[in-house]
Amino acid sequence: MCTNIVYEWLRTLQLPQYAESFVDNGYDDLEVCKQIGDPDLDAIGVAVPHHRRRIHEAVRRLKEADERAAGLYFTLEPPP
């Protein structure tokens, strides 16, 4: 059984049964998982409609978290 971030993510979604298929299809990182669409879910073997919806919703949340973080930045310059 694989133990990586994608496995942990799928476990929190209560879908750990897809972890091996995700990794076998190149989805071994959450950055890559953010690109998942319906053709990808077909290739991975996610056929159950409510599992697909759960994954799509989780991908949307990952993208939203990125958008919120994009507004933050740090500088190494000392304050005036």
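**Colour by confidence**

Start with pLDDT, since this is a predicted model. Among the elements of the protein chain, helix H4 (residues 38–44) has the highest mean pLDDT, 95. H5 has the lowest, 89. Over the protein chain the average pLDDT is 87. A score of at least 70 is reached by 81% of the residues.

**Switch to cartoon**

Count the elements: 5 helices and 0 strands. Along the sequence the pattern reads α-α-α-α-α. Now show the surface. The accessible area of the protein chain is about 5600 Å². Carbon and sulfur atoms hold 55% of that area. Of the 80 residues, 30% count as buried.

**Select H1, residues 5–12**

Which residues of H1 are buried? Select Val6, Tyr7, Trp9 and Leu10. Look down the helix axis. These residues lie on the same side of H1, because they span an arc of only 160° around the axis. An α-helix has 3.6 residues a turn, so residues three or four places apart point the same way.

Step to the N-terminal end of H1. Asn4 caps it. Draw a distance from a side-chain oxygen of Asn4 to the backbone nitrogen of Val6: 2.9 Å.

Beyond residues up to four places away in sequence, Leu10 touches Leu15, Pro16, Tyr18, Ala19 and Phe22.

Phi of Gln14 is near 60°, a positive value in a residue other than glycine. Most residues other than glycine have a negative phi, and most peptide bonds are trans. Is Gln14 buried or exposed? Gln14 counts as exposed because its relative accessibility is 63%, where the cut-off is over 50%.

Stay in the loop between H1 and H2 and select Tyr18. Tyr18 counts as buried, at 9% relative accessibility. Leaving out residues up to four places away in sequence, Tyr18 touches Leu10, Gly45, Val46, Val48 and His51. Tyr18 and Ile44 are 26 residues apart in sequence, yet 7.6 Å apart in space, C-alpha to C-alpha.

**Select H2: Phe22 and Asp24**

Phe22 lies in helix H2. Its relative accessible area is 0%, so Phe22 is buried. What does Phe22 contact, apart from neighbours within four places in sequence? The list is Val6, Trp9, Leu10, Tyr27, Cys33, Ile36, Ile44, Val46 and Ile55. Then draw a line to Ala43. Phe22 and Ala43 are 21 residues apart in sequence and 9.2 Å apart, C-alpha to C-alpha.

Asp24 also lies in helix H2. Asp24 counts as exposed, at 58% relative accessibility. The C-alpha atoms of Asp24 and Ile44 are separated by 8.3 Å. Along the chain these two are 20 residues apart.

**Show the core**

Hide the cartoon and show side chains. The largest nonpolar core has 20 residues. Those with the most contacts inside this core are Trp9, Leu10, Phe22, Cys33, Ile36, Val46 and Ile55. Which elements give two or more residues to the core? They are H1, helix H2 (19–24), helix H3 (30–33), H4 and H5. In soluble globular proteins, nonpolar side chains tend to be buried together.

Select Lys34, in the loop between H3 and H4. Is this lysine buried or exposed? Lys34 is buried because its relative accessible area is 6%, and the cut-off is under 20%. Residues up to four places away aside, Lys34 touches Val59, Leu62, Lys63 and Asp66.

End in helix H5 (residues 49–70), where His51 is found. His51 counts as buried, with 11% relative accessibility. Residues up to four places away in sequence aside, His51 touches Leu15, Gln17, Tyr18 and Val46. Keep His51 and Tyr18 on screen together: the contact list of Tyr18 includes His51.

Key. Residues numbered from 1 in each chain as written. Heavy atoms only, no water. Buried < 20%, exposed > 50% of the residue type's maximum accessible area, 1.4 Å probe, protein only. Helix = DSSP H or I, 4+ residues; strand = E, 2+ residues; numbered from the N terminus. Arc of directions from axis to C-beta. Polar contact = N/O pair within 3.5 Å; in protein donor to acceptor, adjacent residues only side chain to side chain. Areas by Shrake-Rupley, 256 points an atom, 1.4 Å probe, with all protein chains shown as cover. Contact = heavy atoms within 4.5 Å. pLDDT = per-residue confidence, 0-100. Core = buried A, V, L, I, M, F, W, Y, C linked by side-chain atoms within 4.5 Å.
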